[in-house]
Amino acid sequence: MPEQWLLDNVWLIPALPLVASAVTAALGPKVLRERSHLPCVLAACLAAVYSLFLLAASTKFVPGELSRFSWIEVGGFTAPISFRVDSLTSLLLVMVTFVGSLIVIYSIGYMRGDRGYWRFFAAVSLFLFSMTGLVLASNFLLIYVFWELVGLCSYLLIGFWYERPAAAAAAKKAFLVNRIGDLGFALGVLMVWVTFGTLDFDTVFAKADSHVPELTLICLLLFCGAVGKSAQFPLHVWLPDAMEGPTPVSALIHAATMVTAGVYMVARFSPLFLLAPAAQLTVATIGGTTALLAALIALTQTDLKRILAYSTVSQLGYMFLGLGCGSKAAVVAGIFHVFTHAFFKALLFLGAGSVKHAMGGVIDINKLGGLRKRMPITCWTFGCGAAALAGVPLLSGFWSKDAILVELAHAGDGGVRTMVYRVLLVAATITALLTAFYTFRAFFKVFWGDERVPHEAGDHAHESPPVMTWPLIVLSIFALGIGWILAAGFHGLNSFLGHSPGLAGSHAEHSTTIMVMSGVVALAGVGLAWWMYGRPSSLPETLAMRIRSAYELSRDKFRFDEIYNATVLRPTLMFSEISRVVDNWVVDGLVRLTAATPAFIGRNLLRPLQSGLIQFYALATMVLLTGLIVVSWLWE
Amino acid sequence: MLSNYLIVGAILFALGSVGFLTRRNMIVMFLSAEMMLQGVSLNLVAFSNAWGNCHGQVFTIYVLTVAAAEAAIALALVVALYRRRGSLDVSLWQDLREPDQPAIVDRPEESADVPAPQPAWPKLVPAGVEPERSKEEMEELEESTHA
């Protein structure tokens with residue numbers, strides 16, 4: 001297919017899911033009913049095929065603005081709806097549409113029989129539209145609009161089962177926490193406008209050199225948005241609660257794609273970030289803190305989806321660690337991890353969904369056990385995902401994690417920064433160990449040991465239907481192999497992403513020591529998990545008793561929710577209560593007084609005048625007329 | 001003398017307005033209104049005479065014409081109203097007041113402080129006692145018994 005045609009019609013990628021969403025929303029409840037998935041599946045698959053072609057051709061064309069539709073033009077300010085395609089965009093487009101298609105197909109089985117079947121697919125299509133638009137956007141305003149749109153879709157889908165109070169509350173929490181980050185993002189966009197006088201990516205990147213002092217603030221503000229959307233410390237609290245949504249949503253939005261929007265954004269703006277070392281260091285520090293913190297929390301959780309959620313938070317922290325290293329190759333490493341993570345984390349979530357589907361909604365790993373005989377496909381595909389996440393050598397997670405660790409080891413310029421990066425390297429290594437441990441803790445507890453099936457499962461405690469297992473199998477192949485493809489040459493990825501702005505000429509470091517170390521750490525984590533959970537043992541309980549306070553701290557998620565309740569929520573509620581009283585009695589009081597005064601005067605003074613007595617009227621006329629004449633006479 | 005005319009006109013107007021405000025008989029009120037008109041007309045004619053042009057007279061002719069038409073309508077209305085209520089009292093027609101306002105009614109006239117006349121009961125003597133009689137009665141009685 002000619003490249004020019006591909007480029008000219010790139011708007012089709014977001015347009016297809018948008019049309020599907022509109023069609024599903026319009027026809028779903030009455031016409032399509034249990035076939036509501038058709039438009040969405042069709043659109044996602046077509047978009048995926050298109051994206052693959054685009055990826056194949058993407059090194060051949062010059063990055064630049066495409067498919068321009070005018071949108072806002074006020075004075076010197078223009079914000080067109082325009083897309084740009086470069087290697088970074090096409091890589092992420094493939095990730096979003098490909099993983100999206102598989103998850104949508106899986107949802108056909110998972111969501112079957114749900115009352116909101118059409119609503120689900122309409123929202124998922126809308127999400128695919130927003131996410132592809134986000135990746136394709138070519139100016140700051142447009143990316144902000146799509147950024148908010150994916151937030152909206154996330155809200156709609158977390159609260160999909162809105163009858164459940166927990167789901168409604170989780171949706172609200174996600175939305176509100178994201179608002180905090182988005183405020184920073186909006187301010188960052190405004191700062192860009194004030195500083196550069198334009199919002200177009202290419203123009204801003206070209207002018208970046210001449211505005212270095214402002215860049216630190218701009219980058220920090222933009223990073224605020226990423227902290228919210230990608231659930232980084234201290235705004236990470238919404239993501240674990242977001243697991244109230246349907247599992248395919250958790251896989252698509254809260255693991256594979258939307259939460260990596262923050263990572264994409266920082267990578268997209270790397271021409272700016274690379275010029276602001278202080279901002280880079282902040283990104284890396286927050287990423288490292290989050291990675292370690294979330295891994296520690298994940299150690300003691302018992303809800304399978306929550307374990308995966310915390311592992312997502314932790315891995316997102318890893319990606320930011322990579323993006324914060326300050327070198328182009330490190331940004332590439334971060335994107336590499338985004339890409340591999342999308343596949344194995346989607347796989348893990350879909351596996352968890354398969355378990356939940358078969359077990360009648362039970363997902364507590366303490367109530368499950370030995371499912372490998374009943375659900376062999378789920379078990380082995382989940383195992384593939386877990387091994388990839390743990391970073392077992394030669395699987396995808398290993399390559400990308402290793403790339404980040406190597407860049408981290410070479411980061412810094414010899415001063416204090418290097419010290420910080422060294423500390424972060426240690427934290428990242430510990431995180432890698434913990435990741436391997438908690439992932440396989442969940443795996444062994446669910447699929448190994450004596451068979452334990454909760455009574456909620458009833459008689460359908462068996463393998464899921466093919467429409468659900470096939471996506472699992474495809475994803476597990478990718479989880480195993482994608483690392484090979486991309487990393488055999490990581491150098492290849494470097495030169496490929498060199499076609500994106502700010503990433504040209506990146507050079508990957510290499511370190512056998514780090515590679516061996518990360519492999520050993522991953523295997524050690526897996527071994528430790530097997531030693532504690534893979535065989536009958538009372539060790540976990542004894543250990544939990546021995547370090548009781550640490551155990552409880554981790555189980556209570558470091559009490560972040562309680563802290564936020566006491567420091568932010570409670571004062572806000574108090575303030576709002578005061579505002580309510582002031583509004584009711586002072587503001588409304590004034591308004592009511594204004595309204596009551598004429599009514600009072602009318603009722604008590606003016607109404608009795610309307611007596612209907614003709615002579616009274618005549619008298620009033622006469623008296624007033626006389627008064628008027630007298631007054632006008634005196635006036636002169 | 002212009003002022004003489006004006007004084008008479010003012011007196012007419014004042015009488016008319018006082019009559020209009022104080023009387024409640026519709027026909028009398030109408031007459032009072034006419035009297036006010038005459039006061040004004042007299043003024044106009046006087047000014048016309050004083051300035052030596054006929055503007056005021058033209059006005060007056062107009063006023064007379066309009067007053068004639070008005071009299072026809074007003075009297076027709078008075079007749080119609082009288083047929084409705086059987087009275088010429090204008091205060092009977094208060095229906096255009098605010099709906100929640102009470103109607104204004106006349107206070108009943110203060111009654112003079114005169115004791116009510118006592119009924120004159122016939123005086124009866126107690127039973128079993130011969131009533132006193134006058135001479136003529138006695139003679140009549142005797143004559144009737146002898147006869």
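Is H16(A) mostly covered or mostly exposed, and how many of its 31 residues are buried? I found H16(A) mostly covered, with 30 of its 31 residues buried. I call a residue buried if 20 or more other C-beta atoms lie within 10 Å of its own, with C-beta atoms placed from the backbone.

A note on ground rules. This is a predicted model, where local features need pLDDT of at least 70 and side-chain atom pairs count only at pLDDT 80 or more, while totals for chains, interfaces and linings use all residues. Residues are numbered from 1 along each chain as its sequence is written, and chains are lettered from A and ligands numbered from 1 in the order in which they are written.

**H16(A).** Helices (H or I, at least four residues) and strands (E, at least two) are DSSP runs, numbered from the N terminus. H16(A) has a kink of about 30° centred on His341(A). The bend is the angle between axes fitted to the seven residues ending at a residue and the seven starting there. After the helix comes Gly360(A), with a positive phi near 65°.

**H7(A).** H7(A) bends by about 30° at Ile180(A). Just after H7(A), Gly197(A) has a positive phi of about 75°.

**The core.** The largest nonpolar core has 217 residues, and Val99(A), Ala346(A) and Ala479(A) have the most contacts inside it. H16(A) gives the largest share, 20 residues. Such a core is a set of buried Ala, Val, Leu, Ile, Met, Phe, Trp, Tyr and Cys residues joined through C-beta atoms within 7 Å. Beyond four places in sequence, Ala346(A) is in contact (C-beta atoms, placed from the backbone, within 7 Å) with residues including Val99(A), Ile103(A) and Leu475(A).

**Chain B.** I counted 4 helices and 0 strands in chain B. Of its 147 residues, 8% count as buried. The C-alpha atoms of chain B fill a box of roughly 110 × 50 × 30 Å along the principal axes. Where chains A and B touch, the contact takes 11 residues from chain A and 12 residues from chain B.

Note on methods
Buried ≥ 20, exposed ≤ 12 C-beta atoms within 10 Å, placed from the backbone. Contact = placed C-beta atoms within 7 Å.
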